[in-house]
Amino acid sequence: MLENTFRSKGPELLVELAEHTAQTVRQIFDVDPAVASQIGDAVASQMMAVWGGQNVYFPMGLIWKVSQRDREIFADFNGHNHHALARKYKVSLQWIYSVVKRVKKEELARIQGNLFEDEDKPPR
């Protein structure tokens with residue numbers, strides 16, 4: 001009942017948010033469409049509660065997309081395939097070297113943590 005009311009009376013942005021969320025849930029998980037729809041409605045309702053009345057800007061997410069692509073490049077990297085990766089991802093060879101170096105550094109930092117600072121002490 002809540003679903004029908006929400007979809008018929010909800011603002012267009014929230015209705016679309018609920019629909020896109022339900023669609024994404026169905027793509028990722030093997031979920032009954034009715035359950036996915038309930039999840040979509042719950043997400044839209046939560047956004048109303050948290051951000052209701054505010055103007056919210058959604059960035060294009062280019063940095064996030066690039067970061068995902070860079071992680072894919074790093075995952076595909078085998079130590080000897082710089083040229084093949086440059087062709088596959090349609091970027092320069094120098095970009096591949098840069099990505100591999102940067103992501104490797106990030107991964108090492110993530111795995112090792114900060115070896116020189118006590119986590120309980122605030123940085124100076």
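E106 and R71 form a salt bridge, with their closest N and O atoms 3.0 Å apart (a salt bridge is a side-chain nitrogen of Lys or Arg within 4 Å of a carboxyl oxygen of Asp or Glu). E106 lies in helix α6 and R71 in helix α4, so the pair ties together parts that are 35 residues apart in sequence. Helices here are DSSP runs (H or I, at least four residues), numbered from the N terminus. The model is predicted: local features need pLDDT of at least 70, side-chain atom pairs count only at pLDDT 80 or more, and totals for chains, interfaces and linings use all residues. Residues are numbered from 1 along each chain as its sequence is written, and side-chain values use heavy atoms, with hydrogens and water left out.

E106 is partly exposed, at a relative accessible area of 34%. R71 is also partly exposed, at 36%. Buried means under 20% relative accessible area, exposed means over 50%, and partly exposed lies in between (1.4 Å probe, protein chains only).

R71 has another partner, E107, with the closest N and O atoms 2.9 Å apart. This pair again links distant parts of the chain: E107 sits in α6 and R71 in α4, 36 residues apart. E107 counts as buried, at 19% relative accessibility. Salt bridges with shared partners join R69, D70, R71, R102, E106 and E107 into one network.

D70 belongs to helix α4 (residues 62-76) and R102 to helix α6, 32 residues apart. D70 is buried, at 1% relative accessibility. R102 is partly exposed, with a relative accessible area of 32%. The whole structure holds 6 salt bridges.

Helix α6 also packs against α5. Helix α5 (residues 82-89) and helix α6 (residues 93-112) cross at an angle of about 105 degrees, and their axes are 8 Å apart. Axes are lines fitted to C-alpha atoms, for helices over the stretch in contact, and angles run from 0 to 180 degrees between N-to-C directions. The two helices are therefore roughly perpendicular (65 to 115 degrees). H82, H83, L85 and A86 in α5 meet L93, I96 and Y97 in α6, where contact means heavy atoms within 4.5 Å.

The largest nonpolar core has 9 residues: I73, L85, A86, Y89, V91, I96, V99, V100 and V103. Such a core is a set of buried Ala, Val, Leu, Ile, Met, Phe, Trp, Tyr and Cys residues joined through side-chain atoms within 4.5 Å. Helix α6 gives the most to this core, with 4 residues.

Note on methods. Parallel < 35°, antiparallel > 145°, perpendicular 65-115°, else oblique.
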